[in-house]
Amino acid sequence: MGSTKRAFDTFIPPLLTLLLVGVVWEAAVRVLAVPAFLVPRPTAVLAAGWNERVLLASAVTTTAAGALSGFALSLIFGTVAGLFLSLSRTLERALYPYALFLQTVPIVAVAPLLVLWFGPGLRAVSVSAFIVSVFPIIANTLAGLRGVDARLTDLFRLYGANTADSLLKLGLPSAVPSMATGWRVASGLAVIGALVGEFVAGFSEGSAGLGITVLAAYRQLRTDLLFATVILASLLGLSLFAAVSLFSNRLLRRLRARV
Amino acid sequence: MIHRSASLVAGCRWLSLLALPLAFGCHKKTEPAPGGPGATPAAGAAAPITLALNWLPEPEFGGFYAAREDGAYKRAGLDVHVQGGGAGVPVVQMVATGRADFGTVTADELVLARARGGDVVAVFATFQTAPHGIMVHSSRGLTRIEQAFDSGTLALETGLPYIAYLRQKFHWSGAKIVAYDGGIAHFLTDPMFGQQCYITSEPILARQKGSDPQVFLIADAGFNPYTTVVITRGELVKQNPDRVRAFVAATAAGWRDYLDDPGPTNKMLGTLNHAMDAPTLVAAAKAQLPLIETAETKRLGLGAMTRARWQTLVEQLVSLKLIDHAIDVDTAFVSPEAR
């Protein structure tokens with residue numbers, strides 16, 4: 001069947017690459033007798049991940065909570081901000097540089113301030129995730145709304161459509177492809193933002209997130225656990241990205257079907 | 001002032017370093033005979049030595065800088081480059097891979113590294129009493145360290161061995177444990193806030209800002225690893241013991257100079273580290289004095305280490321489950337010769 005072959009073609013090459021890299025890595029570490037605390041063997045990383053599965057499962061949940069809430073904040077605020085900026089060129093010129101500032105602010109330096117303002121825990125971590133992921137949503141929403149076909153805009157104006165109608169029936173539907181790009185980019189960034197936020201704002205005991213676990217593993221020279229945690233963090237980002245992509249594709253398909 | 005392993009980018013910096021063993025194959029590096037074909041360290045003929053510090057230039061490293069400034073290293077025929085560190089510098093890895101010839105770490109880091117396959121050896125223990133502590137507001141009227149875990153908020157770095165020790169020894173209840181961000185901003189604003197600290201750093205700064213810090217030393221609670229321990233790679237000790245001995249002797253001389261008169265070195269430290277002003281440097285140098293020079297060092301010399309102390313540390317780390325089994329203590333350190 002077509003879809004089975006497609007799945008085969010999509011997943012097998014990267015999986016084979018992973019396997020090959022894993023084998024070469026394992027062999028290299030064994031042959032060169034690299035100490036465990038410098039470079040762990042892939043088998044050691046997997047073992048560490050399995051042995052600490054309870055700790056890691058809880059850590060993933062904590063970080064995911066921070067990342068998802070930050071991402072949700074970005075979606076709401078970013079979309080509204082993008083809409084707002086699209087209403088007037090003057091508004092855009094006045095406020096866009098400050099939106100850009102959110103992109104460039106070094107979150108590592110800002111995170112301690114967030115703890116001071118929001119207190120340690122989920123709130124500061126969410127805000128950290130929000131700061132890191134909001135700009136792509138603003139930028140892509142704005143770009144999408146600006147990129148509406150001019151002839152259609154004229155048509156709407158000809159028929160006397162008000163701003164709300166133009167936005168809801170023309171602007172937003174046309175902007176979805178661009179917005180979806182923003183959502184995808186933001187999803188990965190939200191996880192990074194949550195992790196960095198946790199370095200300073202996370203709870204150390206009980207509900208420690210992946211960020212804290214990375215630091216603790218590093219402190220104890222447990223590089224196998226460090227690698228396992230980092231890989232899990234990447235997988236978390238990947239999962240969120242995949243979920244957002246899936247949703248975007250479905251949405252686009254339904255929108256196109258309506259035309 | 002941010003202090004003590006606010007390892008914000010620790011993982012990343014370390015990860016970039018791991019490319020090194022892969023790039024160089026991490027085979028047992030045979031060091032070219034240092035000092036040239038002459039073997040004896042003649043002034044000027046010696047190969048440069050790097051000493052990597054695990055924090056910013058501060059009084060806790062005063063002796064090393066003094067040895068450089070006063071010429072102790074030069075007189076021993078050594079060209080020593082003192083490399084100041086900062087948050088998250090992976091000193092153990094740097095020394096193990098030969099990136100740095102010597103480095104400063106805490107004794108428990110050395111044990112962990114050896115347990116995980118690294119061949120690094122301790123040669124000089126600056127702090128005989130560990131300067132780590134728990135800092136709370138004296139307005140709370142606490143009298144024992146375990147009370148700090150009963151209420152309020154406590155900022156701690158979970159991965160540290162001494163934190164694990166405190167968790168194992170005392171029943172933690174009530175206090176909210178949060179991440180340690182290296183500063184004292186939160187401590188200054190909240191009277192129920194406590195945090196881990198370094199006795200030469202946060203309490204001094206807090207007092208300067210008008211706060212009322214009270215410190216409980218971890219050493220008093222029973223966990224007392226040697227701190228600011230100079231380490232080097234095992235192969236250097238085997239292949240060139242004279243060089244290591246010369247370095248250690250010069251270091252001890254530098255520390256003697258600094259303990260007797262920290263003034264000139266503090267002045268130099270002030271130019272390297274703008275976060276510490278002159279009064280802070282003076283206060284820090286004074287606070288660390290009883291931790292560096294003890295009855296034992298008067299007997300055995302500065303930087304001395306005993307087998308018993310190392311054995312205790314190893315046993316504690318095993319009971320904390322930070323290492324699977326005890327390592328051989330005798331190969332882990334070389335005590336400086338008594339002077």
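Colleague: Which residues are buried in α9(A)?

Modeller: Please keep in mind throughout that this is a predicted model. In α9(A), the buried residues are A:L210, A:G211, A:I212, A:T213, A:V214, A:L215, A:A216, A:A217, A:Y218 and A:R219. The helix is therefore mostly covered, ten of its ten residues being buried.

If you follow the chain just past the end of α9(A), you come to A:L221, which takes a positive phi of about 55°. This residue sits in the loop between α9 (210-219) and α10 (223-258) of chain A, and its positive phi is found in a residue other than glycine. A:L221 has 30 other C-beta atoms within 10 Å and is buried, because a residue counts as buried once 20 or more such atoms lie within that distance.

A:S166 belongs to helix α8 (residues 163-201) of chain A, and with 16 other C-beta atoms within 10 Å it is partly exposed. Leaving aside residues up to four places away in sequence, A:S166 touches A:F156, A:A161 and A:G171. Between A:S166 and A:T153 there are 13 residues in sequence, while their C-alpha atoms are 7.7 Å apart in space.

B:T228 is not a glycine, yet its phi is positive, at about 50°, and the residue is found in strand β10 of chain B. B:T228 counts as buried, having 25 C-beta neighbours inside 10 Å.

In chain B, five strands make an open sheet in the order β2-β1-β3-β10-β4, and their pairing is mixed. The edges are taken by β2 (79-83) and β4 (120-127) of chain B, each of which has a single partner strand, so one side of each is left without a neighbour in the sheet. From one strand to the next, the twist averages 25°. Strands of a sheet pair through backbone hydrogen bonds, and they may do so in a parallel or an antiparallel way. Here β4(B) and strand β10 (residues 227-233) of chain B run antiparallel and are joined by six bridges, and B:A125 is placed opposite B:V229 in β10(B).

Helices lie against this sheet as well. Helix α6 (residues 107-115) of chain B lies across β3 (102-105), β4 and β10 of chain B, and runs at about 170° to β4(B). Helix α12 (residues 241-260) of chain B also packs on the sheet, where it touches β1 (48-52), β3, β4 and β10 of chain B, and its direction makes about 10° with that of β4(B). From its first C-alpha to its last, α12(B) reaches 29 Å over 20 residues, which is close to the 28 Å expected at 1.5 Å a residue. Of the 20 residues of α12(B), 14 are buried, so this helix is largely enclosed by the rest of the structure.

For α6(B) and helix α16 (residues 307-319) of chain B, the angle is about 65° and the axes are 10 Å apart. That makes α6(B) roughly perpendicular to α16(B), and the crossing of the two is right-handed. Where they meet, B:A107, B:D108 and B:V111 come from α6(B), while B:L313, B:V314 and B:L317 come from α16(B).

A further open sheet of five strands in chain B has the order β7-β6-β8-β5-β9, with mixed pairing. Its edges are β7 (176-179) and β9 (213-217) of chain B, each with a single partner strand, so one side of each is left without a neighbour in the sheet. Neighbouring strands of this sheet are turned against each other by 30° on average, direction ignored. Strand β5 (residues 132-137) of chain B pairs with β9(B) in the antiparallel sense over five bridges, and B:M135 stands opposite B:V215 in β9(B).

Finally, for chain B as a whole, the secondary structure comes to 16 helices and ten strands, and 54% of its 339 residues count as buried.

Technical notes: Residues numbered from 1 in each chain as written. Chains lettered and ligands numbered in written order. Predicted model: local features only at pLDDT ≥ 70, side-chain atom pairs only at ≥ 80, totals over all residues. Pairing = 2+ DSSP bridges. Helix = DSSP H or I, 4+ residues; strand = E, 2+ residues; numbered from the N terminus. Axes fitted to C-alpha atoms, helices over the stretch in contact; angles between N-to-C directions. Contact = placed C-beta atoms within 7 Å. Expected span 1.5 Å × (residues − 1). Buried ≥ 20, exposed ≤ 12 C-beta atoms within 10 Å, placed from the backbone. Parallel < 35°, antiparallel > 145°, perpendicular 65-115°, else oblique. Left-handed = near helix turned anticlockwise from the far one by under 90°.
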